Amino acid sequence: MELRQLEVFLAVVEAGTISAAARRLGAAQSAVSTVVRALEEDLGVALFVRTSRRAVVTDAGRALLPEARRVLAGLCEARSAVLDADGGPSGPLAVGVVTTMHPVDLPLLLQRFTTANPRVSVSMRVFADGSRGLLRALVDGELDVAFLSWPFRPPASVVLRHLDRTAFRLLLPPGHPLASSAPVELADLAGDRWIDGPPGFANRLQVDALFARVGATRRVVLEVPDVSTFPRYVAAGLGPAFVPGSVPVGTGCHEQPVAGEPLSWTLSLATARPSPERPVRKAVTAFAEAVDRHVRRSAPAPGVSTRGR
């Protein structure tokens, strides 16, 4: 078993298909298939069931997954430790991101960070299960830091720095029977056909938690990975949706007030809690400090609204 084989295996698991993994790795599809077959022959088991659309992980593949992540994370930490010992921040930095990054202008943040820390190489990662996948990858050591939205208590091994809290906005489609200027009870909308992100995505987690608080459940019938496009689907009459206050709404939707406590969406920066097994790397500290500076610079003056940004 070789490290390259484990890297390819993880890429296929996360991407869901051989072709998507090949694009992520910058390799030919045939080369990725060859590596996966060689690993399966070496282990004597099938790691995937290939269908016309996906590479579905087998029980054996699921058993290998945490071990593969552990081995590759250990290798990355070993390399980083050697580089950190030789001066300032250096080495690879794996950054997880969500689709809604307000108030962080990520390109500007990375331009400032990489200019100040030229020996750090940054790679950005997204996961099919959104914030839940980002949190898991951070705990497993696959990520160094992650921007995510987590409305629950984090694992003991994770530290959350809250970067921004913005109001949730409830959008109703044209002609909805509960559309009015009077606040609506959240439980009254539980029977609707909802639009939201896939399971594990920040918006989905937050809204599911809101419904749980009022003792109700809802049915999501349209899963969309980009929250910025929700208003278009609502305007098309496909169902209601919640969006963070930073998402532009445009025309065609009715913004409905909600009764009860104010509803909010939070963006946080997650890092691993320091431990003897996982000491803090200089690159991680430098990046967290760069994020703090960036958010302070971006904060609006007192009394200035950020609605619609």
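**Notes on the predicted model**

1. The largest nonpolar core has 55 residues, and Val104, Phe147, Leu148 and Phe287 are those with the most contacts inside it. A nonpolar core here is a set of buried Ala, Val, Leu, Ile, Met, Phe, Trp, Tyr and Cys residues joined through side-chain atoms within 4.5 Å. Buried means under 20% relative accessible area, exposed means over 50%, and partly exposed is in between (1.4 Å probe, protein chains only). At least two core residues come from each of β3 (91–96), α5 (106–116), α6 (130–140), β5 (145–148), β6 (158–172), α7 (202–213), β11 (264–272) and α9 (282–298). Helix α9 gives the most, with eight residues. Another core, of 21 residues, lies apart from this one; among its members are Val8, Leu47, Leu64 and Leu72.

2. On provenance: this is a predicted model, in which local features need pLDDT of at least 70 and side-chain atom pairs count only at pLDDT 80 or more, while totals for chains, interfaces and linings use all residues. Residues are numbered from 1 along each chain as its sequence is written, and side-chain values use heavy atoms, with hydrogens and water left out.

3. Overall form. The protein has nine helices and eleven strands, where helices (H or I, at least four residues) and strands (E, at least two) are DSSP runs numbered from the N terminus. The radius of gyration is 22 Å, close to the 19 Å that the globule rule gives for 309 residues, so the protein is as compact as a globular protein of that length. That radius is taken over C-alpha atoms, and the globule rule is 2.2 Å times the number of residues to the power 0.38. The C-alpha trace spans about 65 × 50 × 35 Å along its principal axes.

4. Of the 309 residues, 48% are buried. The accessible surface comes to about 15100 Å², and carbon and sulfur atoms account for 55% of it; areas come from the Shrake-Rupley method with a 1.4 Å probe, and for residues only the protein chains shown count as cover. There are 35 positive and 29 negative side chains, with the centres of the two sets 4 Å apart. Lys and Arg count as positive and Asp and Glu as negative, without His or the chain ends, and each charge is placed at NZ of Lys, CZ of Arg, CG of Asp or CD of Glu.

5. Contacts along the chain. Among contacts (heavy atoms within 4.5 Å) between residues at least 6 apart in sequence, 72% join residues at least 24 apart.

6. Where does Val104 sit? Val104 is in the loop between β3 and α5. With 8% relative accessibility, Val104 counts as buried. Beyond its neighbours within four places in sequence, Val104 is in contact with Leu109, Phe147, Leu163, Leu267, His294 and Val295. Asp42, 62 residues from Val104 along the chain, has its C-alpha atom 45 Å from that of Val104.

7. Helix α2 (residues 18–25) has Ile18, Ala20, Ala21 and Ala22 as its buried residues. Their cover includes α1 (3–15) and α3 (29–43). Gly26 follows α2 and has a positive phi, near 70 degrees.

8. Is Arg204 buried or exposed? Arg204 is in helix α7 and is buried, with a relative accessible area of 13%. Leaving aside residues within four places in sequence, the contacts of Arg204 are Asp196, Gly197, Pro198, Pro199, Arg218, Val220 and Glu223. Arg204 and Arg273 are 69 residues apart along the chain, and their C-alpha atoms are separated by 26 Å.

9. Gly252 belongs to the loop between β9 (241–244) and β10 (254–256). Its relative accessibility is 39%, which counts as partly exposed. Gly252 touches Pro174 and Ala235, not counting residues up to four places away in sequence. Ala235 is 17 residues from Gly252 along the chain, with a C-alpha separation of 4.7 Å.

10. Arg293 is in helix α9 and, at 38% relative accessibility, counts as partly exposed. Arg293 and Thr100 are 193 residues apart in sequence and 19 Å apart in space, C-alpha to C-alpha.
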